[in-house]
Amino acid sequence: MRIILIATLLLLPCLPVGAMASEVGFLQSLAGDWSGTGKVLTRIGGTNLNVSCTLRSDASASTVSMNGKCRGLAVFTRTFSATVKAAGERYTGNYVGPSGLPSKLAGNRKGTALNLRVTWARLVNGDRDAVLMIEKVGQNRLRLQTVDKDPASGQSVVTSRIDLQRPSTAER
């Protein structure tokens, strides 16, 4: 019994290293230049706008930083950025959208997706809460999606979904 306890105590420091190595690989797979299209809901109950977006993502062993720009209707351009840091299996960070105010991010990774709770810096759709998913889809695709609750019905509503891909080697 004593030998099992000692062996367990000696192995415990090794466990997070494997988990952290897994996070490093995932974070680094998000790095690079991305472009694509999507839909953004200006407000719940409003109209979806088609957007064209570009994103530059840089990653280190524990952090990913994203800076993007979306254009819609050839009339407006909106920039956004996010910085997310991994601490074990937990992720925290900040998101800055069109308002320019930093919002808080917190969550974890499930498979190939970061599922992050957003705490907006101001009221958005009647509250300060939403969900942001950053999902790696295959080797060269990335999906950014936000979901908020409709204050009238309580139902979840996709307020933005942007599908991005890495430029092909011929385009670089």
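Trainee: What is the volume of the largest pocket in this predicted model?

Mentor: About 930 Å³. Of the 34 residues in its lining, Val40, Tyr95, Gly97, Pro98 and Trp120 are the closest to the centre.

Trainee: What makes a residue part of a lining?

Mentor: An atom within 4 Å of a point of the pocket. In the largest pocket, 34 residues line the space.

Trainee: Which strands supply at least two residues each of that lining?

Mentor: Strands 1 (32-41), 2, 3, 4, 7 (113-124), 8 (127-137), 9 (141-149) and 10 (156-165). Strand 4 gives the largest share, five residues.

Trainee: How does the lining divide into nonpolar, polar and charged residues?

Mentor: There are 21 nonpolar, nine polar and four charged residues. Trp120 is one of the residues closest to the pocket centre, and Trp counts as nonpolar. Gly97 is another of those residues, but Gly counts as polar.

Trainee: Now the fold. Which strands make up the barrel, and in what order?

Mentor: Ten strands form a closed barrel in the order 1-2-3-4-5-6-7-8-9-10, with antiparallel pairing. On average, neighbouring strands of this sheet are turned by 25 degrees against each other, direction ignored.

Trainee: Why are strand 2 and strand 3 called a pair?

Mentor: Pairing needs at least two bridges. Strand 2 (residues 48-59) and strand 3 (residues 63-72) have nine, in the antiparallel sense. Therefore they pair. Ser52 stands opposite Arg71 in strand 3, and Ala59 stands opposite Val64.

Trainee: What makes strand 3 and strand 4 a pair?

Mentor: The cut-off is again at least two bridges. Ten bridges join strand 3 to strand 4 (residues 76-87), and the two run antiparallel. So the pair qualifies. Gly68 has Phe80 in strand 4 as its bridge partner. Strand 3 and strand 4 also form a hairpin with three residues between them. In that turn, Leu73 has a positive phi of about 55 degrees.

Trainee: How many salt bridges does a search of the whole structure find?

Mentor: Six.

Trainee: Why is the contact between Asp58 and Arg56 called a salt bridge?

Mentor: The nitrogen must lie within 4 Å of a carboxyl oxygen. For Asp58 and Arg56, N to O is 3.1 Å. So the contact counts as a salt bridge.

Trainee: Are those two side chains' residues buried, exposed or in between?

Mentor: Buried means under 20% relative accessible area, and exposed means over 50%. Asp58 is at 38% and Arg56 is at 37%. Both values lie in between, so Asp58 and Arg56 are partly exposed.

Trainee: How do you know that Glu135 and Arg143 form a salt bridge?

Mentor: Their N to O distance is 3.7 Å. The limit is 4 Å, so the pair qualifies.

Trainee: What makes Arg143 buried?

Mentor: Its relative accessible area is 15%. Buried means under 20%, so Arg143 is buried.

Trainee: Why are Arg161 and Asp163 called partly exposed?

Mentor: Arg161 is at 35% and Asp163 is at 31%. Those values lie between 20% and 50%, so both residues are partly exposed. Their side chains meet in a salt bridge (3.4 Å, N to O). Salt bridges that share partners join Glu135, Arg143, Arg161 and Asp163 into one network.

Methods. Residues numbered from 1 in each chain as written. Predicted model: local features only at pLDDT ≥ 70, side-chain atom pairs only at ≥ 80, totals over all residues. Heavy atoms only, no water. Helix = DSSP H or I, 4+ residues; strand = E, 2+ residues; numbered from the N terminus. Axes fitted to C-alpha atoms, helices over the stretch in contact; angles between N-to-C directions. Buried < 20%, exposed > 50% of the residue type's maximum accessible area, 1.4 Å probe, protein only. 1 Å grid on protein atoms, 1.4 Å probe; cavity = no way out; pocket = protein on both sides within 12 Å on 5 of 7 lines; lining within 4 Å. Points joined across faces, edges and corners; volume = space filled by probe spheres on them.
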